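Hello,

Here is the structure you asked about. Please open it alongside this email; my notes follow.

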Amino acid sequence: MLVFFNSSTHAQQTFGKVIQPFGSYSYTADDNILRIRDKQPTDNLPDGTIRNAIVQRDLFDMSHRFTGGVIFQKEISRQRLSANFNYSRVQFDRFSIMDNNLKNFSGNWNWLLGNQLEGNMGASYTQSLAPFLFQPGIKSIRTELIEYINGAWRFHPRWRLNGEFTRYDLGIKAPPDVPRLRFLERTENQFEGGVDYVSSRGTVGRNTIGVLFRYIDGNFPFEPSSAFVNNDYNQKEVMARINWDVTSKTSFQVRGGWVDRQNASFAQRDFSGFNARGIFQWRPTDKTGLTVSGWRETSARQNLTASFSLNTGVSLIPFWNITEKVRMEGDFSYETRNFGNRINPFLTDPDLSNAIGVHNRIRNATVRFVYNPYLGLELSASAYHADLKSDAFFGGFNANGANVNLQYTYGQR
């Protein structure tokens, strides 16, 4: 970057094209911003403001997020480099104990070697407040580090070999006045390889049919209690996948196959069954479109237990470009998360244990308007609803809110 700025000419060419600074402000009003449950007690909550809010059933609060960052994009010959650095400060009007800083750094090198070999290598780091979905009213900061390298070899005009390695590290930091959550920390090493048949039909290189083999080794370095519990696991997957442009306005992606997950300590947490995810995209006109997704997957993406849930759901994402500068979007989803007998029976945090039910149903609905008065400037406003129905001891929640966001990116095209 110093080389790019070694003259005023380079600086003028770089700033706004190679380097794009941006800033944003987001305001959110929510009638249950901490996702407090219907039957949540107040005895174990250290913060008096939150306790009083639960007793009075007045859970409304407003939050403000201030973000600044920079986007870096540069092509050197056929190599493409990109990075994103941003920092956010989030403040709550009433529940100030939840104030936090969000940090995100990511970088990617899209490399090419010859005409048949290409791939990506990069990493990302995120520090953020853990979701309140299964941790209502609990402040814990999670850090996630992802490192990856992948490649694809087009050894034949119609065949392509793929390989990837990904390492995922999760860290948890909670204040001293709440139970420790370090047993949720984990690392996952993921290895995958596959082969695709590339069709000559449709968009060049997009219509593919293939098979994918994946192996995941999960390690939990901290035990949840004095009892010997090893939450380590390994998971093997064999997946078929299809990416296909049916027409210029219709496409779909499907991935599905068999998953076998073995837990080091408890056989009742093992899983062997079918997983799948499908995405259908349709653009009936130049101004309207719809994306429909459906899935049945084993997942622990919310980082809420040392085990996992079986998630089944569907989502609809429509959009309408009303004018060149005004866009309306929707996001509607319905999901069930079934923990079955896979909930960790040795949780050191009773609040977390009581918030996780065996059967959970999650619904979300969002309507959003986006206005782009000119390049780089975006103003958006959205209204949303979220609710959880659960057989957990704490019950579920119901929440409604609205959000306004203003963002400017210098040099955006």
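Leaving aside its neighbours within four places in sequence, which residues is Asn360 in contact with? They are Phe134, Glu335, Thr336, Arg337, Phe339, Leu388, Lys389 and Ser390. Contact means heavy atoms within 4.5 Å.

A word on the source. This is a predicted model, where local features need pLDDT of at least 70 and side-chain atom pairs count only at pLDDT 80 or more, while totals for chains, interfaces and linings use all residues. Residues are numbered from 1 along each chain as its sequence is written, and side-chain values use heavy atoms, leaving out hydrogens and water.

Back to Asn360. Strand S16 (residues 359-371) holds this residue; strands are DSSP runs of E, at least two residues, numbered from the N terminus. Asn360 counts as buried because its relative accessibility is 3% (buried means under 20% relative accessible area, 1.4 Å probe, protein chains only). Its side chain makes a polar contact with the side chain of Ser390, at 2.6 Å (a pair of N or O atoms within 3.5 Å, one able to donate a hydrogen and the other to accept it; residues adjacent in sequence count only if both atoms are side-chain atoms).

Next, the cores. The largest nonpolar core has 20 residues. Leu133, Leu181, Phe183, Leu184, Leu352 and Phe397 have the most contacts inside it. Strands S7 (159-173), S17 (377-390) and S18 (397-409) each give two or more residues to this core. S7 gives the most, with 3 residues. A nonpolar core is a set of buried Ala, Val, Leu, Ile, Met, Phe, Trp, Tyr and Cys residues joined through side-chain atoms within 4.5 Å.

Best wishes

Definitions and conventions: Helices (H or I, at least four residues) and strands (E, at least two) are DSSP runs, numbered from the N terminus. Buried means under 20% relative accessible area, exposed over 50%, partly exposed in between (1.4 Å probe, protein chains only).
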